[in-house]
Amino acid sequence: MGVIENICREYEVAIGLEEELLIISKDGTLVAAADQLMETAASLLNQDAERLERIMLKIRSLDPEPNLAQIEHVSLPIPLSEVPSAITEGRSLLLDSAKSLGYKLFVQSLHPLESNPHPMCGTHINVSAKRTANEVMNPKEILAVYNHLWNHLPELIALSANTPIIQGETGAVSNRVLNSTVLKPNPFGKLQIPRHQPALVQNEYYGALRYSLKIGALEKEPTIIANTTGHRLRDITPRGPSTNISDDKEDSFTRNRIETRIFDNQREPRRLVDLSRIVSGLAIEALCLLEKGSQIIENRAHAVNRERAILDGINATFLHEKNDSVIEIPARERVLEMLNRTEMHRELLGAKLQTDLKNAKTEVEIKRPRLEVAYSNPEFERLRRSGKTVVSVRFGKVKNVSDIRSSKKYKISRGQTITGKLGIGLSLTFDESEATPGLVTDFKDVLMKNYLLVSSIRIPLNESDEIIAAISEEEYMRRQFFGADAFPYFF
């Protein structure tokens, strides 16, 4: 206990949070409005000096993602005690901005129908733990915390996996991590010792690429290497100029930290706060091991356990090495062992768990979403999903439609045949947070309605309408180019 108390007394922990949210319209569909939200947020802050001053102490920025239906609030590195208010302030600013525009926010990581698999959101937890007397984490401290968190990544995934629905179907417990093109696994970390031999270094000299011969060491400190290419978009990675992450080379050394990106969004802010406390407890445990001279050994079952956690979450079974043999242990048991082992570390940090995460009860098992999906015409939807989206439709009833762009009105006669592109419209019902109206927590019922798109005219389809021909867009284009007898296609 003495070593742990001394470490907790000598070190200060800072947390940086990035929480990504989806922007949706009042009908529950995604809307590309991130730029509008940021403009509105700037206006709200300019009109409220007190709020601006308060937020500036906790929130670094609001940032868009590649998909404009996503937006995130990014905190400054803050003490654990300020994490709850940072989440509240960040969500509140985004929500007020969305409300001003007539939109809502969806707090989960995947839209249950429109994420295919993108857009997808997540929560990133950055942790740094440095001696109070020092300005920065040194490379050995970064490596110890990174490797210790890396060993426990399957347990952290099992605790936070919260995306069981993708495209209306149930699948893995974390479909976000399973389908991500970004959250690739990183390997166990290592230190690269500074080079003290002469080396040729390429640089730009008066506009031309030349070489310099460096006689002494190229680095003053060892560099942490998690992957040789220096990619930062991984499930967990060391960050800052003490790493080989190329994007971080110009950062201040005070930015040395470890970033975990595998956390699915949590509906309940208190759960996100507890996840940051769990990460902090593991960080302090890693520093205690470093102080005692204990070696952090690579968990050889990491890859298998990571995959199992993604698929089955807290109900997975993990591999565990014991007495020179490999046994299987329930993931919940491994998580509880981790939480119990690091309980004293968290308590000394003043970071006692406040939710039933302390009992390894995850949000997805407490409130597992059930999505009821209905189709106005299952046969039309079957064609659309099979890729046969260029269709010729014979209409069974008279329809009056309008051009979206010009507002001109048209009448479609009964029995008329028109060719266009088969599309889908969604009608969704959802639950909103009682504590935070406008923050959508779950979708409940979905009705999928098909329509025929002809230029800028959407023609609703119903059971009286009949698709008499259907081909894929690729086949349609092939016929157009090579002169095959394609059926008419009016755009």
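Helices here are DSSP runs of H or I with at least four residues, and they are numbered from the N terminus. The model is predicted, and its chain holds 14 helices and 23 strands. Of the 491 residues in this chain, 50% count as buried.

**The chain as a whole**
- Taken along the principal axes, the box filled by the C-alpha atoms of the chain is roughly 85 × 60 × 60 Å.
- Among the contacts in the chain with a separation of 6 or more, 71% are made by residues 24 or more positions apart.
- The accessible surface of the chain is about 23900 Å², and carbon and sulfur atoms account for 49% of this surface.

**Helix 13 and its ends**
- Helix 13 spans residues 378-385, and Phe380, Glu381 and Leu383 are buried in this helix.
- Viewed down the axis of helix 13, these buried residues fall within an arc of 155 degrees, so they line one face of the helix.
- The cover over the buried residues of helix 13 includes strand 16 (372-375) and strand 20 (417-432), together with strand 21 (439-454) and strand 23 (466-471).
- The N-terminal end of helix 13 is capped by asparagine 377, which places a side-chain oxygen 3.1 Å from the backbone nitrogen of glutamate 379.
- Glycine 387 follows helix 13 and has a positive phi, near 95 degrees.

**Helix 6**
- In helix 6 (residues 153-160), 8 of the 8 residues are buried, so this helix is largely enclosed by the rest of the structure.
- The buried residues of helix 6 are Leu153, Pro154, Glu155, Leu156, Ile157, Ala158, Leu159 and Ser160.

**Histidine 124 in strand 5**
- Histidine 124 belongs to strand 5, and with a relative accessibility of 4% histidine 124 counts as buried.
- If its neighbours within four places in sequence are left aside, histidine 124 is in contact with Gly16, Leu17, Glu18 and Glu20, and also with Glu259, Thr260 and Arg261.

**Backbone exceptions**
- Most residues other than glycine have a negative phi, and most peptide bonds are trans.
- The peptide bond between asparagine 116 and proline 117 is cis, with omega at about -5 degrees, and proline 117 lies in the loop that runs between strand 4 (104-106) and strand 5 (123-131).
- Histidine 118 and proline 119 are likewise joined by a cis peptide bond, with an omega of about 5 degrees, and proline 119 is also placed in the loop between strand 4 and strand 5.
- Although asparagine 323 is not a glycine, its phi is positive, at about 50 degrees; asparagine 323 sits in the loop between strand 14 (317-322) and strand 15 (325-330), where it is exposed with a relative accessible area of 70%.
- Serine 455, not a glycine either, has a positive phi of about 55 degrees; serine 455 is located in the loop between strand 21 and strand 22 (457-460), and at 36% relative accessibility it counts as partly exposed.

Conventions:
Residues are numbered from 1 along each chain as its sequence is written. This is a predicted model: local features need pLDDT of at least 70, side-chain atom pairs count only at pLDDT 80 or more; totals for chains, interfaces and linings use all residues. Side-chain values use heavy atoms; hydrogens and water are left out. Helices (H or I, at least four residues) and strands (E, at least two) are DSSP runs, numbered from the N terminus. Buried means under 20% relative accessible area, exposed over 50%, partly exposed in between (1.4 Å probe, protein chains only). Contact means heavy atoms within 4.5 Å. Accessible areas come from the Shrake-Rupley method with a 1.4 Å probe; for residues, only the protein chains shown count as cover. The arc is that of the directions from the helix axis to the C-beta atoms. A polar contact is a pair of N or O atoms within 3.5 Å; within protein, one must be able to donate a hydrogen and the other to accept it, and residues adjacent in sequence count only if both atoms are side-chain atoms.
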